[in-house]
Structure formats: structure tokens, C-alpha cells
Amino acid sequence: MTNDSKYPHDFVAPHLHNIPRSGIRDFFEIVSTRKDVISLGIGEPDFITPWHIRESSIYALNRGATSYTANLGLLELRKAISDYVQRRFDVNYDPASEIMITVGVSEALDLAIRALISPGDEVLYHEPCYVSYAPVIAFAHGKPVAVETKAEDDFRLSIDALEAKVTPRTRVLMLNFPTNPTGAVLTQQDVEDIAAFAVRHNLVVITDEIYSELTYEAKRVSIAAVPGMRERTIFLNGFSKAWAMTGFRIGFSCAPPALTEAMMKLHQYTMLCAPILAQKAALEALVNGDDAVTHMRNTYRQRRNLMVKGLQMAGLQCHLPQGAFYAFPYVGHLGLSSHDFAMRFLEEQNVACVPGSAFGACGEGFIRCAYATSTEHIEIAMARLQTFTTSL
Amino acid sequence: MNELLQLLRSNGRETMENLSAMLGQPVEEIQAQIKTWEKEGVIRGYQAVINEEATEADYVRAAIEVRITPERGDGYDRIALRIGRFPEVESVFLMSGGYDLLVFVKGDNLRTVASFVNQRLATIEGVLSTATHFTLKTYKDQGVLMQEESHDERLQVSP
């Protein structure tokens, strides 16, 4: 088959045409035309990376750390990650063969999917969810299969919903708890049930736990720690959220040697290695960063409380998010779609939030409000929200 | 440190309603706790953190190393408090090392600070010596940087 077209559009691979632009990007373009917006739409910490971490990266640069590293990443960092994962999640990974440093969890997620699926394989993921999951699966010619989570379950993942969507072609289950955008977390019982489901259907689990350090009252649990799961789990984590290091672009994956080796092949021929300065900074974050993380976690929890109270005062229902830094209140009863609500709230009150529909069809009726912003901004935004909802 | 104290320390003007919401405690409880601390002297005051270099006012600040003779019964305390009572004195610390007290003094100009050291401080019985260092610029005070680190460069909406 030949392509005789001269239009650039037709040169693009067909499977990319089917992937819609991110709803967030559209919204961003509208917001960026406005002045003095109070934004609750930002999915990253408002803290600057703690100084001791920045300083260690500067020190490394001064000392001439400008080379490639091993494909898997600096061994010293992998050892520190191994200690950290053991200490925080009670799972043991070998730094030599089971841990790889990646350019953020985003890269690790892409590697994991490409390492696991063949064209046409199905991947289960829960919605509402981070915007990249379905596209990353589609890039690998897989079939993304959304599993709905519901407000009445505090957006936890139910086995019934999973069973309804699993087929003989399902290869992978993707998890992200605490969840962006809902702030949902799983209980120990949940992860055990989901683990049993994965074993029953012989699935590999990719668990993106980027927000796990930002878990509040709830007990932090990981499916990787459930007996029997280590062998079929790819555990992903990174430094962007808890250590406020988004711009460093640094994450990691932990998985059995065969899976790590497969991901490494992709990583070595596409990325080669994560930037050395970011790796040096990540090492400092793990070795000396606990106090900074505790301080930021406490601050987010206080802001969450402030925001949830503000949402309630504005007459919106919102489950108490137990992790991440997002509240996900329901606005569907006000007679506007998520998108229209967010648009009018922006136009009339100059406050930006993200329509829930950007995170999957079942996010319709909700908006995402990030509390990774100052208490002053939260206060003003919530007062304006009250004015806005009263006017509807 | 107690979470409420930490919040007050970072913003002494936080409203009772916000403190109550952030900590998930009733307003009355927060008020009562603050009252107790004020009464017990745990909280000793509320002040604005001012970047004085951005104001019109002229002033001079000095850090003075003071060596003193400790007294039987009182150690360093009596003399330290005697120094601390002068309104010119901003803070007094008992130090380990080569001198005993580190005293921060603020005055309108060099002469007033010099005269304070000469006339008042050095003449106190028990003060053996003073070494005065004038400050040239304030970069950080009471945990607050005197210039913004950077403005918020985050995208206004991101996933």
C-alpha cells in the first residue's frame, strides 16, 4: 500500500490520529490567555525543591558530573532506592538487577507497557485517572480498557468492576493509588482482593505509586507487598511529587530481573540513562530528605482540610481525599457539565480548576481542585466558589 | 513541635476559622489552647517580619560578643537579663566557645550603638570584654528570606 498524499497530516501514523488531544491542554490554552488567575489546576507541588537537594545537584555539576551513567542508573542511587522501598513498602529489590532509574514515572510507565504487551492485548486501568494511561497503551498498539471507580466507593477499585471488564486478552492491570485526580487510596483488604484477581487471571500489575508518600490518615499499602505479587508486579515511583522535584524528571521502577531486563532494552536504546544531575539530586533526596517530605505532607494535609471545608461551604459534596493533593468534588447537581462549570467558574470568578471529564468519561460531573497552592489562594478560591455556586 | 504552634509560627495572623479547618479541631478548642499558651508564656508575642532595608528608616545593627564573669548562684543569668532589659537589645544568647553572650543591638546610627556599648554594656559589673561587629545587610531573618526565591513558574494548568 502506498501513500500518495502530500498533506503532512497524512504522514502521521494512523494509530496516533485516534488519540484525542488532552482535555487539559485545551483548557490550559484558555487559562493562559487570562491574567491573575487563581489556579487550582496545577498538578505539581508549589514548593520549590528543598535547598539541600538543589545544592547537591549544583555540587555535582561543579565537580564535573556531566557524563552518562549506567543504563540502569547510578548504583549508589539504586542501593538507596532498594533501602527506601524496603523501609517504606516492605518489599526487597536487588539494586543490581531489579531497579532502574527512569526519566520520571512517565517514562517508566511507557517502558513497562511496551515491555509487556503485544498489539491487540488489553490493559485494564481505572478511571478517572491520570491523562497519559490510555494513550500510552494505545501507542504500544494495545487496547486500553477503562474500569470505572465511583464516588460512593471513595473511588476505590472494586473487584466486580474488574471482573466485568477482564477478557482472555487482558495482560496487564494498571493501578495508581493514591490517585490523580481523585485522591483515592486502597485498603489492605482492597490490595489483597485485587492481588487475588490478578493471580486468577494471570495478569501483570503495573502500580504507579508516585503519590504514596503523600498519604494522610490512611495506612499506606502497596500491592507489591502482598505475598505472591512481587513476581508479577512492576512497582513505579519517583521524586516529582513528595520531594517537589517535577522539573528534575526522575523516577524509578522495581521489578523482577526478567521484566527489568526487558524494560532496560527499551530504555537503553531510547533514553540511554536518566540525567546524572537529577540522579545525584535524587540520591540526596533519599538520604537526607525525610524531614522535608514530612513538612510538605503535613502542609498538604492542612490545606486539604481547608479546601474540603471550603467545598462543603460552597455546597459541594466531596469525599475526603486520603492521598495526593487533589480534591474531586461533585458539581453535576448544578445543571452544568464539568467542562461548562470549569469554563464559567474561570470566566466569572477567574479561578481555574480542571473538568473531571479530562480524566475519563466517568469523571464527568466532577472537577479537580489541586491544593498544592498557598492557603491564601485556597481561601480566596473557595470564597469565590461559594459566590459562584450561589449564583447558579 | 505542636502542629498548631508550627502554623502560628509560620503565620501568626492565620484566622481561627482557617486554623480550625486545617487541623480539624473546633474553633473554641483552638482559641482555648492559644489562650493557655499566652497565659503560660509559651507564646510571648506576635510580630510582623519586616524587611527593614525596604523601609525608609535608617538603623544600625550590631552583634556583640560579650565575655562576663559568672556569679555564684546565678551563673550567667542575672547579667544576661540585665543586658536584655535594655530596649536597644534585640536578642541575647548564651553561647558555647570563646565568649559567653551574643547580644544583638539595634540603634538609629553608629554613634548610638557605640555609645550603648561604651556607656551601658561595657560598664556593667561583671562584663570583662566586648567585641562589636556591625551587620551590613540582612539576607534572612527569623526564618524568612528577605527576597523572593523565584516567582511561580509552573504552568497554570497541568495534569
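Predicted model: local features only at pLDDT ≥ 70, side-chain atom pairs only at ≥ 80, totals over all residues.
Which domains does the domain assignment of chain B give? I looked that up first, and got domain 1 (3-40) and domain 2 (52-137), with bounds that come from an automatic or database domain assignment. Their C-alpha centres lie 34 Å apart.

Residues are numbered from 1 along each chain as its sequence is written, while chains are lettered from A and ligands numbered from 1 in the order in which they are written.

Next, the interface. I found 25 residues of chain A in contact with 15 residues of chain B (C-beta atoms, placed from the backbone, within 7 Å). On the chain A side, α3 (23-31), α12 (290-313) and α14 (375-391) each supply at least two residues; helices here are DSSP runs of H or I, at least four residues, numbered from the N terminus. α12(A) gives the most, with five residues. By type, that side of chain A has twelve nonpolar, nine polar and four charged residues (nonpolar is Ala, Val, Leu, Ile, Met, Phe, Trp, Tyr, Cys and Pro; charged is Asp, Glu, Lys and Arg; the others, Gly among them, are polar).

Then I checked a helix pair in chain B. B:Glu3, B:Leu4 and B:Leu7 in α1(B) meet B:Leu19, B:Met22 and B:Leu23 in α2(B). I count five nonpolar residues, no polar and one charged in that contact.

Conventions
Contact = placed C-beta atoms within 7 Å.
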